[in-house]
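Please read the points with the sequence and the coordinates at hand.

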Amino acid sequence: MTVPARPSARCRTLFLELSRYLDGDLAPARRRTVERHIEACACCATMAARLRKTVAACRAEGKRRPPRDVMSRAAERIRVLLAREGRRRSTSGPARR
Ligand SMILES: [Zn+2]
């Protein structure tokens, strides 16, 4: 199988649908078209595999990560604790910095 140096117009169209395909958002007929192309096209197969991995990573990350305001509050709390810890260390023992 040969990999084209540049993706064809058909590939570019497919790229646009790839994320929807991976989300299961495409109509069954469209889905089959995309599937058939991916099976035949190494370029798009690589793209699909990469995108699938990225999507999976984002989803896993999304589930693990609390909302943004919780994150910023947590980050602020950690900064305060670290600052406090730093002060405690510098008063109770010799400073190493
Ligand atoms: Zn292609």
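1. The model under review is predicted. The protein contains 4 helices and 0 strands, and its elements follow the order α-α-α-α from the N terminus.

2. Of the 97 residues in the protein, 9% are buried. Among contacts with a separation of 6 or more, 55% join residues 24 or more positions apart.

3. Geometry of helices 1 and 2. Two packed helices are described by the angle between their axes and the distance between the axes. Helix 1 spans residues 9-23 and helix 2 spans residues 28-40; their axes come within 11 Å and cross at roughly 115 degrees. Helix 1 is therefore roughly perpendicular to helix 2. The crossing of helix 1 past helix 2 is left-handed.

4. Residues at this contact. Helix 1 contributes L14, E17 and Y21, while helix 2 contributes R30, R31, V34 and H37. Sorted by class, the contact between helix 1 and helix 2 consists of 3 nonpolar, 1 polar and 3 charged residues.

5. Nonpolar core. Which residues form the largest nonpolar core? This core has 8 residues, namely L14, L18, Y21, V34, C41, C43, C44 and A48. At least two residues of the core come from helix 1, and at least two from helix 3 (42-64). Three of its members, L14, Y21 and V34, are also listed at the contact of helix 1 with helix 2.

6. Surroundings of L18. When neighbours within four places in sequence are set aside, L18 is in contact with M47, A48 and L51.

7. Residue R31. R31 lies in helix 2 and is one of the residues through which helix 2 contacts helix 1. Is R31 buried, exposed or partly exposed? R31 is partly exposed because 15 other C-beta atoms lie within 10 Å. Not counting residues up to four places away in sequence, R31 touches Y21 and L26. The C-alpha atoms of R31 and L18 are separated by 9.4 Å, with the two residues 13 apart along the chain.

8. Residue S8. S8 is located in the segment before helix 1. S8 counts as exposed because it has 12 C-beta neighbours inside 10 Å. Although S8 and C43 are 35 residues apart along the chain, their C-alpha atoms are separated by 9.7 Å.

How values were computed
Residues are numbered from 1 along each chain as its sequence is written. This is a predicted model: local features need pLDDT of at least 70, side-chain atom pairs count only at pLDDT 80 or more; totals for chains, interfaces and linings use all residues. A residue is buried if 20 or more other C-beta atoms lie within 10 Å of its own, exposed if 12 or fewer, and partly exposed in between; C-beta atoms are placed from the backbone. Two residues are in contact if their C-beta atoms, placed from the backbone, lie within 7 Å. Axes are lines fitted to C-alpha atoms, for helices over the stretch in contact, and angles run from 0 to 180 degrees between N-to-C directions. Angles under 35 degrees count as roughly parallel, over 145 as roughly antiparallel, 65 to 115 as roughly perpendicular and the rest as oblique. A crossing is left-handed if the near helix is turned anticlockwise from the far one by less than a right angle, and right-handed if clockwise. Ala, Val, Leu, Ile, Met, Phe, Trp, Tyr, Cys and Pro count as nonpolar, Asp, Glu, Lys and Arg as charged, and the others, Gly among them, as polar. A nonpolar core is a set of buried Ala, Val, Leu, Ile, Met, Phe, Trp, Tyr and Cys residues joined through C-beta atoms within 7 Å.
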